[in-house]
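Trainee: I have a model open and want to learn how to read it. Please take me through it feature by feature.

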Amino acid sequence: MKALIKRLASAPGGRRTKWLVLVGWVILAVALGPLAGKLGEVEDTGPNAFLPRGAESARVNTELERFRTDEVMPVVAVYSTDGALGADARAKAEADRRAFAEHVAPGQRMSPALPSDDGRALMVVVPLGDDLGNRVEKIRDIAAANAPPGLDVAVGGPAGSLMDQVAVFGSLDSTLMLATALVVAVLLLITYRSPVLWLFPLLAVGFAAVLTQVCTYLLAKHAGLPVDPQSAGILMVLVFGVGTDYALLLIARYREELHRHEDRHTAMRLALRRSGPAVLASAGTIAVGLACLSLADINSSRSLGLVGAIGVVCGFLAMVTVLPALLVIAGRWVFWPFVPRLGTPVRKQVTVWARIGGAVARRPRWSWLMSVAVTGVLALSATGISLGLTQAEMFQDEPESVVAQERLSAHYPSGASDPATVVTNAARAGAVGAALADVEGVARVDAGERTADGRLATLRVVLADAPDSDAAKETVDALRTAAHAVEGADALVGGTTAQTLDTQRAADRDLRTVIPAVLVVVLLVLVGLLRSIVAPVLLLATVVISYFAALGASNLLFEHVLGFAGVDWSIPLMGFVFLVALGIDYNIFLMHRVREEAQRLGLGRGVLEGLTTTGGVITSAGVVLAATFAVFAVLPLVTMAQLGVLVGIGVLLDTFLVRTVLVPALALDLGRWFWWPGRLFTARAGAADGAATADAAATADAAATAAGDPPPTGTATATATGQPVAGRGRESQRV
């Protein structure tokens, strides 16, 4: 890894090669930029994009392709009144039905308007073919026009619901991109207090975004990478958040080196070499952790994991190549008005971090016990979490398709607008239909279509309960049992309810499969970075505790503030992967610096020095990352909002509690055992333990050192071997 970091550091920090790096990225962006705009062309918006691979409902969708050359999906217009339907209401429905006829898919026919048993509603089902979006919009315009007083009209059904979801995702990329860029720009301005410097991380993130989209497009087109609208939207937020984090860490280290070296090229090479291992380990952890989602059954989870891993890798490459090149080319003036000059003290706002470190050092055991108690209390709220959302609960604002479903449920069998679909051998269709009609919870069974060769047939099973209700799911289970029992039928049961049921069960399996894989991968990365076993295990445990605390805190917000009816099935898994991968990120930044400082200052003072010197930059990075994910909270789709809130809260907990108090307190309390069985554990006890946790003078010295003040007279700076460092001033020692 050192050789790789050295090579990466030499190019953007070279006098001539920095220009080659910049020109190379510009050529790459110009040449491949047009491909970035084609990502939408390879997004999978088909019926199986968000379903488990191999699920029975997904197999039904695949089999349905054999029944027609064009996709047919029904839209349902429902006309309802508070009392009995009058002649004008019936005339309106019949006039609309005639107008709908021009939008019916070729080879399909539209049934007469179906009255409800209570006489207060009419339902018109229109089978649509190509150009679904435009046809749904035109049908809604027709239905909304010239409605007589007292008649409520709503258009929904499967096609209407799909278009409402597409409308959400259609504006997702642009909304997220603009909102995220604005949030990051504002936070960078506040962080750097420079009118120029904030532009450089954003420019580098722009290069990373182009490369990410190009790589994703090419892999989706030529290598079968699954991409859906949700993963494509989250991808850009992830690139912005992670890329900005790496930029903050690198720029902070570069600023330090500029105080020690006159040549900015030398300063950049040293900054990259010293911060590079932490950035590489962080990127590797996040990328591999997200890639573990490829083990998931649900296609959307697999897509998010693989696409996210590509974004992290591209963000890492941009931040360690084009960003350093831009900074070196621009020179020191980009830091104006706080320009770092050779020989001047390192300007840091670390007094608060020195004080926090001193407080933790005085009572480390009490500090970590209280931190665990706080996270434990928050985690208790996760025990009462309600998993699962109905179609009506998936949107923060109620779309027309949800209104239509509510009115249908009030006047018809709840499943009338969205029946279960059964595919079976045509020869056994009668026997299957008879078996299904006897299942409790079935309102009726209708004959459907046949394939051109006459081998397969479909049946439409209208359920008595709403398609997304628990009772409907139980009915689907019973339907499958009955259908599978018909000899020679080879029947498959699908439809919206079956898809919800399959997704719910796959989410449970994915939790049991993906979470252990993520934990093992992250643990191995930490062991390799820290050369220890105890420290990685404890660091991983702190992040897991933080995840459950974030889940509990988020559940409180969802239930009592935001008013969500429950938590989507996908949130626990996606939230865990994101928070473990991103949460361990800050522990890597902290402990890499702690290990570096402990080798020359001793373990106790090394922990305090690492906390103090990284406090500002890691806090800024955490706030930026939390803010970028918080952008999701304003989106109309509840699933995205919940993911944003969960990740945002988790990152803030990691930033302000876990990394600031819990981890340093554990390291100080355990002393050299924290680093067992690595080199720091085997160092001579006097040097290894440092005395920062037991000696008030050493603690004060560490805090003063972190704040940039001179140490007390006669204090010797010790290395990990216990020997004073001779011939070097304090400023030259600080790395």
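Trainee: In what order do the four strands of the open sheet run?
Mentor: Strands of a sheet pair through backbone hydrogen bonds, either parallel or antiparallel. In this predicted model, the order is E2-E3-E1-E4, and the pairing is antiparallel. Strands here are DSSP runs (E, at least two residues), helices likewise (H or I, at least four), numbered from the N terminus. Two strands pair if DSSP finds at least two bridges between them.

Trainee: Which strands stand at the edges?
Mentor: Strand E2 (114-115) and strand E4 (152-156) do. Each has a single partner strand, so one side of each lacks a neighbour in the sheet.

Trainee: Over how many bridges do E2 and E3 pair?
Mentor: Two bridges, in the antiparallel sense, with E3 covering residues 121-128. Pro115 stands opposite Leu122 in E3. E2 and E3 form a hairpin with five residues between them. Look at Gly119 in that turn: its phi is positive, about 75°.

Trainee: And over how many bridges do E1 and E3 pair?
Mentor: Eight bridges, again antiparallel, with strand E1 spanning residues 73-80. Ala77 is placed opposite Val124 in E3.

Trainee: Why is E3 largely enclosed by the rest of the structure?
Mentor: Because seven of its eight residues are buried. Buried means under 20% relative accessible area, exposed means over 50%, and partly exposed lies in between (1.4 Å probe, protein chains only).

Trainee: What share of the chain counts as buried?
Mentor: Of its 735 residues, 57% do. The chain holds 26 helices and eight strands. Its accessible surface comes to about 28,900 Å², and 60% of that belongs to carbon and sulfur atoms. Areas come from the Shrake-Rupley method with a 1.4 Å probe; for residues, only the protein chains shown count as cover.

Trainee: How many salt bridges are there?
Mentor: A salt bridge is a side-chain nitrogen of Lys or Arg within 4 Å of a carboxyl oxygen of Asp or Glu. By this rule the count is 21.
Take Glu400 and Arg140, whose closest N and O atoms are 3.4 Å apart. This pair links distant parts of the chain: Glu400 is in helix H15 (residues 400-411), Arg140 in helix H5 (residues 132-144), and 260 residues separate them. Glu400 is partly exposed at 30% relative accessible area, whereas Arg140 is buried at 14%.

Trainee: Which side chain meets Arg253 in a salt bridge?
Mentor: That of Glu596, at 2.8 Å, N to O. Arg253 lies in helix H9 (residues 229-258) and Glu596 in helix H20 (residues 571-601), 343 residues apart. Arg253 is buried, with a relative accessible area of 5%. Glu596 also counts as buried, at 18%.

Trainee: Is Asp297, the salt-bridge partner of Arg509, buried or partly exposed?
Mentor: Partly exposed, at 21% relative accessibility. Arg509 is partly exposed too, at 36%. Their closest N and O atoms are 3.2 Å apart.

Trainee: Which residues make the nonpolar surface patch?
Mentor: Patches are made of residues with over 30% relative accessible area and no salt bridge; like charges are joined within 9 Å, nonpolar side chains (Val, Leu, Ile, Met, Phe, Trp, Tyr) within 5 Å. Here Ile533, Val537, Leu670, Trp673 and Trp676 make a patch of about 460 Å². Val537 sits in helix H19 (residues 534-560). Val537 is partly exposed, at 42%.

Trainee: Where does pLDDT stay under 50?
Mentor: pLDDT is the predictor's confidence in each residue, from 0 to 100. It stays under 50 over residues 684-735. Where pLDDT is low, the predicted coordinates should not be read in detail. The chain mean is 82, and 88% of residues reach 70 or more.

Trainee: What ground rules apply to these values?
Mentor: Residues are numbered from 1 along each chain as its sequence is written, and side-chain values use heavy atoms, leaving out hydrogens and water. Local features need pLDDT of at least 70 and side-chain atom pairs count only at 80 or more, while totals for chains, interfaces and linings use all residues.

Note on methods: Contact = heavy atoms within 4.5 Å.
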